[in-house]
Amino acid sequence: MITLVPLSGFLGSGKTTTLISAAVAMQRTGRRVAVVTNDAGPAGLVDTDLARAGLDHVAEVTGGCYCHHPDELAAHVARLADSGGIDTVLVEAAGNCFDLRPALVPLRRRLGDRVVIAPQTVVVDPLRLAAFAGAADLSGREYELAYVFGRQLAAADLLAVNKTDLIGAEQTAKLTARLAADHPQATVLPYSAVSGAGIDELVRAWGRDVATPEPDYELDHARYVDAEARLAWANLAFGVDAVDDTFDASVWGRAVLRHLSEWSAATGYFVGHAKVAVRTRAGLAKLSVTESGAAPRADRSAARPVERGSATVNVRIACPPSVLDDAVLAAIAAADAVGRARSDVPPPASFRSTQPLPPPSLARTAGADAVLR
Ligand SMILES: Nc1nc2c(ncn2[C@@H]2O[C@H](COP(=O)(O)OP(=O)(O)OP(=O)(O)O)[C@@H](O)[C@H]2O)c(=O)[nH]1
Ligand SMILES: [Mg+2]
């Protein structure tokens with residue numbers, strides 16, 4: 001028997017942080033946990049680097065969302081189930097995925113009642129929710145992406161309200177009540193993946209089997225595809241060497257993200273998530289930015305400066321792909337200058353990512369009215 005936890009939610013909401021924090025909590029109680037990360041782009045994911053720094057069993061499905069590779073996901077989970085060494089798989093969807101359940105149908109068919117499918121958990125960043133709620137009255141880029149965000153909420157069995165450490169108890173209570181009223185199909189659960197508050201409750205909520213019910217929401221598929229196609233995705237992996245004896249991977253990564261954050265604030269481009277990981281002999285440095293103009297947040301630091309490292313840069317910003325290519329190259333050049341480093345960057349090949357057509361049972365078309373509900 002193996003339990004699969006489908007974890008989705010908008011870019012930067014905290015899915016990977018949640019998955020690591022929950023896996024560590026589960027392992028403490030004797031559970032044997034594996035995680036799977038996913039991306040539309042080629043291999044080389046910051047999330048995989050981060051998860052591998054804290055967990056033993058980490059796999060990635062790349063080159064398209066799970067809906068493109070449902071058999072690959074099913075085969076992977078079946079292998080884990082057959083191995084007998086793993087009892088729980090936490091599956092992270094890409095931040096533009098709106099419903100993971102159709103991709104789980106082959107798995108259910110293959111494993112039958114040997115798999116327990118936990119409630120589809122949609123991780124919500126309260127600050128993003130507030131930004132989109134404001135943007136829904138406008139007609140800018142955020143308005144389009146608010147539709148993606150809103151449909152993700154509508155597809156949730158469990159709305160996991162993360163980052164409550166940033167908003168305090170009173171705001172958390174208000175937000176939880178509002179989401180529960182707006183989304184009666186979902187259980188709403190506040191927590192913080194960083195502080196660990198509420199993680200045990202989240203893990204307990206995953207103990208329920210959801211028999212892939214007929215989803216009860218409407219989707220304007222053309223509008224959804226149009227919205228998510230506004231984002232450009234850049235995935236780069238390359239070596240970084242010190243110009244002098246050593247360089248500080250965190251200083252270098254912070255400089256990459258500061259450049260992108262300031263550039264997006266100046267140009268008005270919406271930031272979904274920009275993240276950098278540098279694997280070094282002294283450990284992993286990892287930083288993120290989830291809002292234009294915001295200061296980068298360091299999630300992990302290497303213990304000391306090093307001679308060289310392997311960098312992974314994943315950026316999702318709403319701009320043309322060629323514009324993102326130039327911005328990412330400029331950010332890396334700026335970081336090399338600040339950090340006294342030399343990056344061996346391959347030519348970037350930013351791309352747009354869209355979901356495939358949903359299966360017929362999900363393809364009910366809605367009017368383009370609801371944004372956040
Ligand atoms: N303050 C605070 N920050 C958090 C929390 N959870 C995640 N973050 C931060 O939010 C940023 C994004 O977190 P991720 O876990 O990478 O988000 P994600 O949803 O996996 O992002 P994508 O996979 O790119 O869509 C990181 O800098 C995290 O440290 C939280 O509970 N509190
Ligand atoms: Mg992630």
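A salt bridge is counted when a side-chain nitrogen of Lys or Arg lies within 4 Å of a carboxyl oxygen of Asp or Glu. The structure is a predicted model, in which local features need pLDDT of at least 70 and side-chain atom pairs count only at pLDDT 80 or more, while totals for chains, interfaces and linings use all residues. Side-chain values use heavy atoms, with hydrogens and water left out, residues are numbered from 1 along each chain as its sequence is written, and chains are lettered from A and ligands numbered from 1 in the order in which they are written.

By this rule, aspartate 49 and arginine 279 form a salt bridge, with their closest N and O atoms 3.2 Å apart. The whole structure holds 17 salt bridges.

The protein is divided into domain 1 (2–210 + 221–226) and domain 2 (232–352), with bounds that come from an automatic or database domain assignment. Their centres, taken over C-alpha atoms, are separated by 25 Å. Domain 1 brings 23 residues to the contact and domain 2 brings 23 residues, where contact means heavy atoms within 4.5 Å. Between them the two domains bury about 1900 Å², of which 62% is on carbon and sulfur atoms; buried area is the accessible area (1.4 Å probe) that two parts lose on being put together, summed over both.

Three salt bridges cross the interface of domain 1 and domain 2. There are also 10 residue pairs in polar contact between the domains, with both residues at pLDDT 80 or more. A polar contact is a pair of N or O atoms within 3.5 Å; within protein, one must be able to donate a hydrogen and the other to accept it, and residues adjacent in sequence count only if both atoms are side-chain atoms. On the side of domain 1 that touches domain 2, the elements giving two or more residues are α2 (46–54), α5 (126–135) and α6 (141–154). Of these, α2 gives the most, with five residues. Helices (H or I, at least four residues) and strands (E, at least two) are DSSP runs, numbered from the N terminus.

Other salt bridges link parts of the chain. Aspartate 87 and arginine 32 meet through their side chains at 3.6 Å, N to O. Aspartate 87 sits in the loop between α3 (70–83) and β4 (88–92) and arginine 32 in the loop between α1 (15–28) and β2 (33–38), so the pair ties together parts that are 55 residues apart in sequence. Aspartate 87 is buried, at 17% relative accessible area, and arginine 32 is partly exposed, at 40%. Buried means under 20% relative accessible area, exposed over 50%, and partly exposed in between (1.4 Å probe, protein chains only). Arg31, Arg32 and Asp87 belong to a network of salt bridges.

Aspartate 82 and arginine 114 form another salt bridge, their closest N and O atoms being 2.8 Å apart. This pair joins helix α3, which holds aspartate 82, to the loop between α4 (105–111) and β5 (115–117), which holds arginine 114, 32 residues apart. Aspartate 82 is exposed at 55% relative accessibility, and arginine 114 is partly exposed at 36%. Aspartate 99 and arginine 101 also meet in a salt bridge, at 3.0 Å, and both are buried.

Which buried aspartate has no salt bridge? Aspartate 336 is in that position, with the nearest side chain of opposite charge, arginine 342, 7.5 Å away. Aspartate 336 lies in helix α11 (residues 321–339).

Key
Lys and Arg count as positive and Asp and Glu as negative; His and the chain ends are not counted.
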